[in-house]
Amino acid sequence: SAPLRAAANQVTFEDSTGETAEAPDITSVVTSNTNAGLISFKINIPNRATFTEDILVNVDIDSDNNPATGDPETLGADYAIQLYRGSADLFRWDGSSFTRSATDPPQSSLVFSYAGGPTIRISAAELGNSTTLNFGAIVITGIKLDQNGDPDFSTARADIAPDAGHGLWKYEVKTAPLRLVARKFTAGTPRAGTVYTARLSAARNDTGAVLVSGKVTCKASVGGRPLRARTQR
């Protein structure tokens with residue numbers, strides 16, 4: 001039901017293309033967030049249209065905007081989101097490696113889809129309620145499993161975005177109180193003895209999605225006398 005429009009607080013980060021033959025090629029990452037703090041990363045990889053089992057996607061996130069507090073190998077990443085073999089997992093830097101423990105956020109908001117590249121969604125609450133974050137992505141293809149079932153990267157190809165030596169991209173999570181706004185209001189001309197109809201379209205103020213269900217109430221009067229609505233839907 002949502003109209004075709006830009007997502008709330010949407011920023012497109014462009015990446016260089018054609019770096020390595022036969023490798024996956026990230027062209028851009030489109031990042032946005034809702035007023036509820038749900039962050040989306042759309043990683044565009046036109047030459048890898050479908051998510052096959054040899055693909056690994058990793059998004060490194062410096063959630064506190066401080067490179068000194070996270071993994072030094074990934075320029076201070078505090079969290080890592082990994083997509084591999086049909087599943088998504090959130091890992092946290094514990095000072096020596098990225099792990100998951102019983103005290104970590106439950107990653108219940110982490111979901112993904114794949115069409116010409118992955119779209120990853122996660123709540124800012126699971127990233128330390130970050131309001132300013134730095135991030136980068138890497139896509140690896142050609143991963144095989146050895147005889148022990150462990151990943152074999154000997155024939156793998158990869159693309160890093162942004163390019164090595166260019167730091168991380170900076171994104172500000174901007175939220176506002178969620179409201180409903182009137183998108184369209186129409187009403188006919190009232191005539192005695194006939195049914196009078198008023199119509200209103202309401203939409204979210206963050207994503208612009210038009211509501212298709214919900215509780216509706218209607219109050220109207222003529223000359224101070226209340227009218228009873230026949231239907232409210």
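Trainee: Where is Pro-162 found in this predicted model?
Mentor: Look for the strands on either side. One is strand S13, residues 157-161. The other is S14. Pro-162 is found in the loop between S13 and S14.

Trainee: Is the peptide bond from Ala-161 to Pro-162 cis or trans?
Mentor: Most peptide bonds are trans. For the bond from Ala-161 to Pro-162, omega is near -5°. That bond is cis.

Trainee: What is phi of Asn-65, and where does the residue sit?
Mentor: Asn-65 is found in the loop between S4 and S5. Most residues other than glycine have a negative phi. Asn-65 is not glycine, but its phi is positive. The value is near 55°.

Trainee: Is Asn-65 buried, partly exposed or exposed?
Mentor: Use the cut-offs. Buried means under 20% relative accessible area, and exposed means over 50%. Asn-65 has 33% relative accessibility, so the residue counts as partly exposed.

Trainee: Which loop holds Gln-107, and what is its phi?
Mentor: Gln-107 is found in the loop between strand S7 (98-99) and strand S8 (111-114). At 17% relative accessibility, Gln-107 counts as buried. Phi of Gln-107 is positive, in a residue other than glycine. The value is near 55°.

Trainee: Thr-74 is in a loop too. Why does Thr-74 count as buried?
Mentor: Thr-74 is found between S4 and S5. Buried means under 20% relative accessible area. Thr-74 counts as buried because its relative accessibility is 18%.

Trainee: Which side chain makes a polar contact with the side chain of Thr-74?
Mentor: Start with the residues it touches. Not counting residues up to four places away in sequence, Thr-74 touches Asp-60, Phe-98 and Leu-168. The polar contact is with another residue, at 3.0 Å. That partner is Asp-71.

Trainee: Which side chain is joined to that of Ser-40 by a polar contact?
Mentor: Ser-40 lies in strand S3. With a relative accessible area of 12%, Ser-40 is buried. Leaving aside neighbours within four places in sequence, its contacts are Val-30, Thr-31, Ser-32, Ile-120 and Arg-121. The polar contact, 3.4 Å, is with Arg-121.

Trainee: Is Ile-81 buried or exposed?
Mentor: Ile-81 lies in strand S5, residues 79-84. Its relative accessibility is 0%, so Ile-81 counts as buried.

Trainee: How far apart in space are Ile-81 and Leu-110?
Mentor: Sequence first: they are 29 residues apart. Yet Leu-110 is in contact with Ile-81, as are residues including Val-57, Asp-89 and Ile-122. From C-alpha to C-alpha, the distance is 8.9 Å.

Trainee: Which residues touch the most other members of the largest nonpolar core?
Mentor: This core has 30 residues. Ile-81 is one of those touching the most other members.

Trainee: Is Asp-89 buried, partly exposed or exposed?
Mentor: Asp-89 lies in strand S6. Among the residues it touches are Ala-80, Ile-81 and Gln-107. Its relative accessible area is 26%, so Asp-89 is partly exposed.

Trainee: What is the volume of the largest pocket?
Mentor: Rolling a probe the size of a water molecule over the atoms shows where empty space is left. For the largest pocket, the volume is about 1,500 Å³.

Trainee: Which strand supplies the largest share of the lining of that pocket?
Mentor: The lining has 32 residues: 17 nonpolar, eight polar and seven charged. Strand S15 (180-187), strand S16 (198-204) and strand S17 (220-222) each supply at least two. The largest share is five residues, and it comes from S16.

Technical notes. Residues are numbered from 1 along each chain as its sequence is written. This is a predicted model: local features need pLDDT of at least 70, side-chain atom pairs count only at pLDDT 80 or more; totals for chains, interfaces and linings use all residues. Side-chain values use heavy atoms; hydrogens and water are left out. On a 1 Å grid over the protein atoms alone, a cavity is a set of points where a 1.4 Å probe fits but cannot get out, and a pocket is an open set with protein on both sides within 12 Å along at least five of seven lines; lining residues have an atom within 4 Å of a point. Grid points are joined across faces, edges and corners, and a volume is the space filled by probe spheres set on the points. Helices (H or I, at least four residues) and strands (E, at least two) are DSSP runs, numbered from the N terminus. Ala, Val, Leu, Ile, Met, Phe, Trp, Tyr, Cys and Pro count as nonpolar, Asp, Glu, Lys and Arg as charged, and the others, Gly among them, as polar. Buried means under 20% relative accessible area, exposed over 50%, partly exposed in between (1.4 Å probe, protein chains only). Contact means heavy atoms within 4.5 Å. A nonpolar core is a set of buried Ala, Val, Leu, Ile, Met, Phe, Trp, Tyr and Cys residues joined through side-chain atoms within 4.5 Å. A polar contact is a pair of N or O atoms within 3.5 Å; within protein, one must be able to donate a hydrogen and the other to accept it, and residues adjacent in sequence count only if both atoms are side-chain atoms.
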